[in-house]
Amino acid sequence: KINALLSIKNQTTQTVDGHPVSLWVNVTGLNDVIRSTEIGSLGVGLFRTEFMLMHATEYPCEQKQYQTFCDALHSLNGMPLTIRTLDLGADKPLPFERKVQEDNPALGIRGCRYSLAHPQYFKPQLKAAMRAANHGHVRLMFPMINQIEEIEEIKAVIEECKQELVNNDIGYGDFEFGIMIETPAAVFNLTSMLPELDFISIGTNDLTQYSMAADRSNTKLARVFPSLSPAILKTIDLIVIQAKQFDVSVSLCGELASVPKVVPLLVGLGLSELSVDLNKFLEIKSIICSGDYNQFQELAEKALKQTKIQPLQQLIYTRI
Ligand code: PEP
Ligand code: MG
């Protein structure tokens, strides 16, 4: 099966009737980036940079991060690298910092809140990414954003970083600026945020957790609040429609895009950028390449009419 899948490696990712899909991968480090180019991926849609720190004994300096980003860009040879800034806190504490006690870590100082509260970590990472942008296609992406004020705060820190680099005669390149959509507030604030953005990416793992008020790591809840449900489907639909109205590119990098049977539905909803698990990449590519866009759209229309979880899942998961 793997050999059969490898034969589609160099094929364009598009439906039988010619609708193209940018299929990217999620990575946690350089090894994944190298593997992604070997299977014919056309870019990285999510680099979870916090994994660079998971086993570190100290915070990697700007130069070290710069080197990692440059190495990744070199492997990608002009293809996009979406660098998500540190998504720390909640389930991902820093190994070399004393753990801060919070009653609800998932609702606490995490993601961009953590980065904005810790410029000693945030700024070296931003500078490393901005410098690396001189050597390839960098998309900078920020996690756990709710509203425009956070974007303004981040942009102010970016300006500070630029100034500091200029003062030290260090060059930096152009990059795209985007956010993850992971909270209901972000969905309802889209129209105010989209004009400030080059792209958005839907993080269905957290978006589901925060929409359903259901801990994503609690396996008992997963049965009652699965990742595919009418509420989440409507939410994705709304996000895609609004992004298109504002002409901002929209991708989906949550685990939902890595479930092969769900992919026709996502493409049918109008998502033409998906970032998926490395191990699922070829299977998903073959599914896209063997269906018609019209069929995918019909499936999405039917799915959006479902009001109950079970029939929706039956429609999607039992398709041949
Ligand atoms: C998500 O929340 O869907 C996502 C892609 O980010 P992470 O899984 O790293 O929180
Ligand atoms: Mg997330």
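**Contacts, core and ligand shell of the predicted model**

Cys289 sits in helix 13 (residues 281-289), where helices (H or I, at least four residues) and strands (E, at least two) are DSSP runs numbered from the N terminus. In sequence, Cys289 and Val16 are 273 residues apart, yet C-alpha to C-alpha they are 5.8 Å apart in space. Cys289 counts as partly exposed, because it has 16 C-beta neighbours inside 10 Å. On this scale a residue is buried if 20 or more other C-beta atoms lie within 10 Å of its own, exposed if 12 or fewer, and partly exposed in between, with C-beta atoms placed from the backbone.

A word on the source: this is a predicted model, in which local features need pLDDT of at least 70 and side-chain atom pairs count only at pLDDT 80 or more, while totals for chains, interfaces and linings use all residues. Residues are numbered from 1 along each chain as its sequence is written, with chains lettered from A and ligands numbered from 1 in the order in which they are written. The mean pLDDT of the protein is 95, and 98% of its residues reach 70 or more; pLDDT is the predictor's confidence in each residue, from 0 to 100. For the complex, the predictor gives an ipTM of 0.99 and a pTM of 0.96. Where pLDDT is low, predicted coordinates should not be read in detail.

Now for the overall build. The protein has 15 helices and eight strands, and its C-alpha trace spans about 55 × 45 × 35 Å along the principal axes. Buried residues make up 41% of the 320. Among contacts with a separation of 6 or more, 72% come from residues 24 or more positions apart.

The largest nonpolar core holds 79 residues, of which Val44, Ala129, Ile179, Leu266 and Leu274 touch the most other members. A core of this kind is a set of buried Ala, Val, Leu, Ile, Met, Phe, Trp, Tyr and Cys residues joined through C-beta atoms within 7 Å. Setting aside neighbours within four places in sequence, Ala129 is in contact with Phe69, Ile83, Val138, Leu140 and Phe175. A second, separate core of six residues includes Leu53, Leu86, Leu88 and Leu94.

Next comes the ligand. Around ligand 1 are Leu46, Arg48, Asp87, Glu182, Gly203, Thr204, Asn205, Asp206, Cys253 and Gly254; a residue is near a molecule or strand if its C-beta atom, placed from the backbone, lies within 6 Å of it. Strand 2 (44-48) and helix 9 (204-212) each supply at least two residues of this shell, and helix 9 gives the largest share, three residues. By class, the shell has two nonpolar, four polar and four charged residues. For this count, Ala, Val, Leu, Ile, Met, Phe, Trp, Tyr, Cys and Pro are nonpolar, Asp, Glu, Lys and Arg are charged, and the others, Gly among them, are polar.

The loop between helix 3 (62-76) and strand 3 (81-84) contains Asn77. Although not a glycine, Asn77 has a positive phi of about 50°. Most residues other than glycine have a negative phi. Asn77 is exposed, with 9 other C-beta atoms within 10 Å. Met79 lies in the loop between helix 3 and strand 3 and is partly exposed, with 17 other C-beta atoms within 10 Å. Beyond residues up to four places away in sequence, Met79 touches Leu42, Gly43 and His137. The C-alpha atoms of Met79 and Leu42 are separated by 6.1 Å, though the two are 37 residues apart along the chain.

Another positive phi, near 60°, turns up at Asp169, a residue other than glycine. Asp169 is in the loop between helix 6 (148-167) and strand 5 (176-181), and is exposed, with 6 other C-beta atoms within 10 Å. Helix 6 itself carries Glu159, which counts as exposed because it has 10 C-beta neighbours inside 10 Å.

How values were computed: Contact = placed C-beta atoms within 7 Å.
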